[in-house]
Amino acid sequence: MLSRPVDASGDILPVLALSDLATEPTATASALRDHLSLFPGDWWEYPSRGNQVVSLLPEARATPASAATLAAYLSAYIESFPSVASVSVVSTEFSGRQFIYTAEVHLSSGESEVIHFAFP
């Protein structure tokens with residue numbers, strides 16, 4: 001997989017040559033981060049696509065009681081992504097009201113990348 005590189009704030013960087021494109025595992029990790037931040041209704045072309053985290057929460061916010069359910073859902077969501085072989089070393093934490101999910105994603109190519117997802 002190849003993709004446009006992004007900076008630390010997620011802005012797309014210019015590509016002047018094919019060698020400037022991001023490659024595995026960076027490209028897959030970037031695509032995964034984009035998919036994790038997409039919620040149903042966010043993409044006009046496919047309004048049903050996106051992660052369903054919000055629908056899993058009874059009060060529209062994560063709580064320590066919902067952490068295991070959210071972690072299991074996010075792990076399965078990531079594993080359904082093309083070129084992802086498995087997810088391991090999953091951890092969750094709360095920072096104030098923010099739910100933070102971290103996992104090591106193993107790609108079909110044999111490489112790994114650590115993914116972070118924060119909600120909201």
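Modeller: What follows is a short tour of the chain, from its overall build to a few single residues, and please keep in mind that the model is predicted.

Biologist: Okay, how many helices and strands does the chain have?

Modeller: The chain has 3 helices and 3 strands, and read from the N terminus the elements follow the order α-α-α-β-β-β. The radius of gyration is 15 Å, close to the 14 Å that the globule rule gives for 120 residues, so the chain is as compact as a globular protein of that length.

Biologist: And what does the C-alpha trace span along its principal axes?

Modeller: The C-alpha trace spans about 50 × 35 × 25 Å along those axes. Buried residues account for 32% of the 120 residues, and of the contacts between residues at least 6 apart in sequence, 35% join residues at least 24 apart.

Biologist: Switching to the surface, what share of it belongs to carbon and sulfur atoms?

Modeller: Carbon and sulfur atoms hold 57% of an accessible surface that comes to about 7,100 Å².

Biologist: Back inside, then: which residues of helix H1 are buried?

Modeller: In helix H1, which covers residues 26–36, the buried residues are Ala27, Thr28, Ala29, Ser30, Ala31, Leu32 and Leu36.

Biologist: What do those buried residues pack against?

Modeller: The buried residues of H1 pack against helix H3 (67–79) and also against strand S1 (84–95), strand S2 (98–107) and strand S3 (112–119).

Biologist: Let's take Thr102; where is it, and is it buried or exposed?

Modeller: Thr102 sits in strand S2, and its relative accessible area is 15%, which is under the 20% cut-off and therefore makes Thr102 buried.

Biologist: What does its side chain make a polar contact with?

Modeller: The side chain of Thr102 makes a polar contact with the side chain of His116, at 3.1 Å. Leaving aside residues up to four places away in sequence, Thr102 touches Val89, Val90, Ser91, Val114, Ile115 and His116.

Biologist: One more, Ser19: buried or exposed?

Modeller: Ser19 counts as exposed, because its relative accessibility of 66% is over the 50% cut-off, and Ser19 is found in the segment before H1.

Biologist: How far is its C-alpha atom from that of Leu2?

Modeller: The C-alpha atoms of Ser19 and Leu2 are separated by 9.9 Å, with the two residues lying 17 residues apart along the chain.

Technical notes
Residues numbered from 1 in each chain as written. Predicted model: local features only at pLDDT ≥ 70, side-chain atom pairs only at ≥ 80, totals over all residues. Heavy atoms only, no water. Helix = DSSP H or I, 4+ residues; strand = E, 2+ residues; numbered from the N terminus. Rg over C-alpha atoms; globule rule 2.2 N^0.38 Å. Buried < 20%, exposed > 50% of the residue type's maximum accessible area, 1.4 Å probe, protein only. Contact = heavy atoms within 4.5 Å. Areas by Shrake-Rupley, 256 points an atom, 1.4 Å probe, with all protein chains shown as cover. Polar contact = N/O pair within 3.5 Å; in protein donor to acceptor, adjacent residues only side chain to side chain.
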